[in-house]
Every structure is written in structure tokens, then in C-alpha cells.
Amino acid sequence: VRTYLRRALPSLADRPVVGYRICIYCDTFDGDFWMDYDPDCENLYVAAGGSGHGFKFAPILGRLIADGVERKPNRYLGKFAWRSRNPAAERSDAARQRAESESASPLRPDVKVHKLNSKL
């Protein structure tokens, strides 16, 4: 931190640190939420990707996450299923195109992928 301050804000570089806290910032490589069981860790459900904006979606996300944890069918969960990092998804909108295909998720055959209606 001191090295950065010396370069960016030299007048603050040697000032005492009065307090600090950790800011948890979670983002996904394709910008979509991530809600699914970890395929490598039994019984670990991951709900992430809020990027500091997740609180705005709490009324909707709570229901989706609960359905996922309880393994209840939910037509939107396929959109946020566990996925591998795909360089093509970073260069294009491949992740969303995949979700519009109405097919089963390649990583979760039990989860159907449906096109999301923009008016939820």
C-alpha cells in the first residue's frame, strides 16, 4: 500500500493508517450471477457474482438461491449454472447465446436452460 501511495498520493504515503476494512468484491468472468453446486465439492452451493450490485436483486435472488439449494425446479437457474471459463464468452456474448438455446446445461444435465424474459 505504501508503494502505491508514494506513487499515486505522495503526500499521504507516510501518514498513519487510522483504520481499514476488507471490501469483498465478487465478479464473474462473464458478468452473470453464479448459482450452483460446486461440482468438485459435494454439498457446497455457490451464490456469487453480485459485483457490488447484488443487494438490488435480493428479492429475486433469495428465491432463486433457495430453489437451487433445495434442488427445486426453477426455469431461471440454468442461466446461472456452474460453467467453465470460456475465452469465446469473453470475446462475445456466447454465454447468453448458450442460455437462449433451450437445451440442458452441459455441466448440469438436470438443469434446463431457458431464455430469460427481460421483464422479470
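How many residues has helix 2, and what span does helix 2 reach from its first C-alpha to its last? Helix 2 (residues 58–69) has twelve residues and reaches 16 Å, close to the 16 Å expected at 1.5 Å a residue; the expected span of a helix is 1.5 Å times one less than its number of residues. The model is predicted, so local features need pLDDT of at least 70 and side-chain atom pairs count only at pLDDT 80 or more, while totals for chains, interfaces and linings use all residues. Residues are numbered from 1 along each chain as its sequence is written, and side-chain values use heavy atoms, with hydrogens and water left out.

The chain holds four helices and two strands, which follow the order α-β-β-α-α-α from the N terminus. Helices (H or I, at least four residues) and strands (E, at least two) are DSSP runs, numbered from the N terminus. Of the 120 residues of the chain, 29% count as buried; buried means under 20% relative accessible area, exposed over 50%, and partly exposed in between (1.4 Å probe, protein chains only). The chain exposes about 9000 Å², and carbon and sulfur atoms supply 55% of this area, with accessible areas taken from the Shrake-Rupley method with a 1.4 Å probe, where for residues only the protein chains shown count as cover.

Back on helix 2, the buried residues are Leu61, Leu64, Asp67 and Gly68. They cover an arc of only 130 degrees around the axis, and therefore sit on the same side of helix 2; the arc is that of the directions from the helix axis to the C-beta atoms. The face turned away from this buried side carries the exposed residues Pro59 and Arg63. Strand 1 (34–37) and strand 2 (45–48) are among the elements that cover the buried residues of helix 2, where contact means heavy atoms within 4.5 Å.

Leu61 and Leu64 also belong to the largest nonpolar core, which has eight residues and includes Phe33, Met35, Tyr37, Tyr45, Leu77 and Phe80 as well. The elements that give two or more residues to this core are strand 1 and helix 2. A nonpolar core is a set of buried Ala, Val, Leu, Ile, Met, Phe, Trp, Tyr and Cys residues joined through side-chain atoms within 4.5 Å. In soluble globular proteins, nonpolar side chains tend to be buried together.

Tyr37, in strand 1, counts as buried because its relative accessible area is 13%. A polar atom of the Tyr37 side chain lies 2.5 Å from the backbone oxygen of Val69. Just after helix 2 comes Arg71, with a positive phi of about 55 degrees. Tyr37 and Arg71 are 34 residues apart in sequence and 9.6 Å apart in space, C-alpha to C-alpha.

Two loop residues complete the picture. Asn74 is found in the loop between helix 2 and helix 3 (87–91) and counts as buried because its relative accessibility is 18%. Not counting residues up to four places away in sequence, Asn74 touches Leu64 and Asp67. The Asn74 side chain also reaches the backbone nitrogen of Tyr76 at 2.9 Å. Asp38, in the loop between strand 1 and strand 2, is buried too, at 17% relative accessibility. With the sequence limit of up to four places again applied, Asp38 touches Leu44 and Trp82.

Methods
Polar contact = N/O pair within 3.5 Å; in protein donor to acceptor, adjacent residues only side chain to side chain.
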